[in-house]
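Hello,

Here is the structure I promised to pass on. Please open it first, then read my notes below.

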Amino acid sequence: MESTAKPKVAVHKFSSCDGCQLAFLNLGAALMQVAELVDFTHFAEAGPLAPDAAVDIAFVEGSIATPDDLQRIARVREQSRFLVTIGACATAGGVQALRNLANAGEWIAGVYARPEHIHSLDRSTPIAEHVKVDLELWGCPVNGRQVLGALRALLFGVMPAQENDKVCMECKRRQTVCVMVTRGRACMGPVTRTGCGALCPSFGRDCYACYGPAENPNTAALARRFEGLGLVPEAVARRFLFINNGAPAFRDAGLKSGERHDG
Amino acid sequence: MDETQTRKVNIHVPVLARVEGEGALHLRIRGDVIETLMLQIYEPPRLFEKFLEGRSFEEVPDMVARICGICPVAYQISAVNALESLFGIDPGPWVHAMRRVLYCGEWIQSHCLHIHLLAAPDYLGYESAIAMAHDHPAIVRRGLALQGLGNDLMTLLGARSVHPVGIKVGGFHHAPRADDVAAMLARLRAALSESEALVRWTASIPMPDDEQTFTCVALRDAGEYPIHRGRITASDGLAIDAAQYDRHFTEYQVEHSTALYSQYRDQPYLVGPLARLNTSADRLPDVVQQLMHDTGVRWPSRSMFHSMVARAVEVHYALSEAAHLLENYMEVPAPAVAVTPRAGIGYGCSEAPRGLLWHRYQVDAEGLIVDARIVPPTSQNQARIEEDLRLSLQDFGLRHSDEELRLHCEKVIRNYDPCISCATHFLKLHAERL
């Protein structure tokens, strides 16, 4: 049959909110066009179930958080030509990586009456910490443009161009007035990777870094600027230790600010 | 396999497809008796209640959105309701109207996703909406277009539909421009004939006759259909404020689930679209009520198989309500009121697409979160789903093939549109016939 000749694509979910898969499921009419181009062999939320089938491209949402996840991600890697992480959870551990900085066992005991029934790893970690990743798409959530762009490029056998610019560049391109300069907001734009379209500043509010660290982010200078805006060190730390707290550049900056507070 | 006297069935669905999140079903049948039936939610807990501790109240809407990619607005609204009530703030009619419009967008998006991509393929005999689209292109196209309109409505007020960035404690960060609102209003009005056709189409799909007795729990409001606010009510007459929830509803943990169970008067109960329609249909405009009755379904309905029609009715209503609220739109210079935090405990709830979503925050004088508790709709429905499966399977007949039993179970489960990402705190069928 004709359909067997189409490239095979899988969408896998690990620990996440399901929001990045929606980059596919919210495509509207384009979703049906994509389904003409590729075969979704595994995409549990959309229906097809074949988690262990060999595919050309595997999109992976979510972080590694359970002992079972470790085995699943190894099988996904073995069966996939290209492995693409989608979103902050798969790429940096997600907001749930905040537990890496705390005592996860105590936290589980705080939420569940019988913590012994909860099978969870102490740390929530990105996919690349466990297997080779061919392409990382940042964002919380990733959008349709990113996943379609990656899919198109990979189907043509090339890697998509990575956006490493800062959100500040995007604001300038869009002629959005700077919310830090004009409103004194603690905007994460100067250290955050673009890709969202600089949505928060266009709404008159501070960027909160859901696309992760940009190339060469000067986090120390930004932390000092935040203090200049009147943020206490603890509040500065929370700015870095948020959606992408597991990304090394943000984790280090956040912990450093937190130490200043402790000291 | 031993088929001599008593048939032993062991059904194990390790990953439930077409649900949001990860769950499994274990079913063990000996002869005519269901020995074990477990809806297993194994998605790992993400411990949001703990992340929230020590955060500023201002960070809460962006944090809690991350609990669910499909209903982030529900989390944001329940949170701001709780915090604003604690701080003694009423953000005023403009904010209430726009939050309701944003929430309508989420209902339209989430319900259309569920009807077309998750539920309908069961009834038309397809593995997925993608497969269904080959034979029913117009149906799928209409569904995806309505879903897209819901997403665009959310984008108008939230800049994007997944983890939108518009809502803050006190109001909104941004007011949409009048010409963008006018363009959206025209699209909403044009879609009303499509959503009306959607209601009639869902009602025309043959459904099993499966009447059961259950208590419906939903918000109710004096003047409007429950979406972004209201008092908690039950079909047995209970009417309480969000602060009294704990006195009437209890959460408990079971070994096979990372989602906590809920009960009301020691019994399972239903939340969601059917519970809302069963208790607040009188709050819908006359034309929507007329359309409900034209479907031939007798309301209130005791059959969970009417939940798809209920979702379609809510899609139609949400479109008309959003159009109504945007009719006389005025841009405001400051779409939020000033906020001064205050120490204490705040309670808030709203009607997520899947049902009642309750939040409780303890806050200190600086506005930092001391303690947080969140009870999502799917964990409240969990016990009701298991009860429904038992009754429905007995009624369906246990002599059906494993494959037929599995499909029936999946249909029952999908009637609740369980969102496991939210609840984990969904489905593989593990069925055993002994």
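**Chain A: overall build**

Start with the overall size of chain A. With 263 residues, a compact globule would have a radius of gyration near 18 Å; chain A has 20 Å, so the two agree. Please keep in mind that this is a predicted model. The C-alpha trace of chain A spans about 65 × 50 × 25 Å along its principal axes. Its secondary structure comes to twelve helices and five strands. Of the 263 residues in chain A, 54% are buried. Contacts also reach along the sequence: among those in chain A between residues at least 6 apart, 70% join residues at least 24 apart.

**Chain B: overall build**

Chain B has 14 helices and 14 strands. With 434 residues, a compact globule would have a radius of gyration near 22 Å; chain B has 21 Å, which agrees. Along the principal axes, the C-alpha atoms of chain B fill a box of roughly 75 × 45 × 35 Å. Buried residues account for 57% of the 434 residues in chain B.

One helix of chain B is worth a look. Helix α11 (residues 307–326) of chain B has 20 residues, and at 1.5 Å a residue it should span 28 Å. Its end C-alpha atoms are 28 Å apart, so the span agrees. Is this helix mostly covered or mostly open? It is mostly covered: 18 of the 20 residues of α11(B) are buried.

**Where the chains meet**

In the contact between the chains, 47 residues of chain A meet 49 residues of chain B. On the chain A side, α1 (22–25), α2 (29–37), α5 (104–111) and α9 (199–202) each supply at least two residues. That side of chain A divides into 27 nonpolar, 13 polar and seven charged residues.

**The nonpolar core**

The largest nonpolar core has 211 residues. Those with the most contacts inside it are A:V60, A:I86, B:I108 and B:V217. Helix α4 (residues 92–124) of chain B gives the largest share of this core, 15 residues. The core also draws at least three residues from each of domain 1 (8–155) and domain 2 (167–262) of chain A.

What does A:V60 touch, leaving aside residues up to four places away in sequence? Its contacts are A:H12, A:F14, A:V76, A:L83, A:V84, A:T85, A:I86, A:A90 and A:I127.

**A loop residue: A:T194**

A:T194 lies in the loop between α8 (179–183) and α9 of chain A. A:T194 has 21 other C-beta atoms within 10 Å, and 20 or more count as buried, so A:T194 is buried. Not counting residues up to four places away in sequence, A:T194 touches A:E163, A:D165, A:K166, A:V167, A:M169, A:E170 and A:Y211. The C-alpha atoms of A:T194 and A:C171 are separated by 9.4 Å, and the two residues are 23 residues apart along the chain.

**Backbone points to check**

Two cis peptide bonds are listed here. One joins A:C140 and A:P141, with omega about 10 degrees. A:P141 sits in the loop between β5 (135–137) and α6 (144–155) of chain A. Another joins B:W299 and B:P300, with omega about -10 degrees. B:P300 is in the loop between α10 (286–294) and α11 of chain B.

Next come positive phi angles. A:Q175 is not a glycine, yet it has a positive phi of about 55 degrees. A:Q175 lies in the loop between α7 (167–174) and α8 of chain A. With 7 other C-beta atoms within 10 Å, A:Q175 is exposed. B:D417 is not a glycine either, and its phi is positive at about 45 degrees. B:D417 lies in the loop between α13 (402–414) and α14 (420–423) of chain B. Is B:D417 buried or exposed? B:D417 is buried, because 27 other C-beta atoms lie within 10 Å.

Best wishes

Conventions: Residues numbered from 1 in each chain as written. Chains lettered and ligands numbered in written order. Predicted model: local features only at pLDDT ≥ 70, side-chain atom pairs only at ≥ 80, totals over all residues. Core = buried A, V, L, I, M, F, W, Y, C linked by C-beta atoms within 7 Å. Buried ≥ 20, exposed ≤ 12 C-beta atoms within 10 Å, placed from the backbone. Helix = DSSP H or I, 4+ residues; strand = E, 2+ residues; numbered from the N terminus. Domains from an automatic or database assignment. Contact = placed C-beta atoms within 7 Å. Nonpolar A, V, L, I, M, F, W, Y, C, P; charged D, E, K, R; others polar. Expected span 1.5 Å × (residues − 1). Rg over C-alpha atoms; globule rule 2.2 N^0.38 Å.
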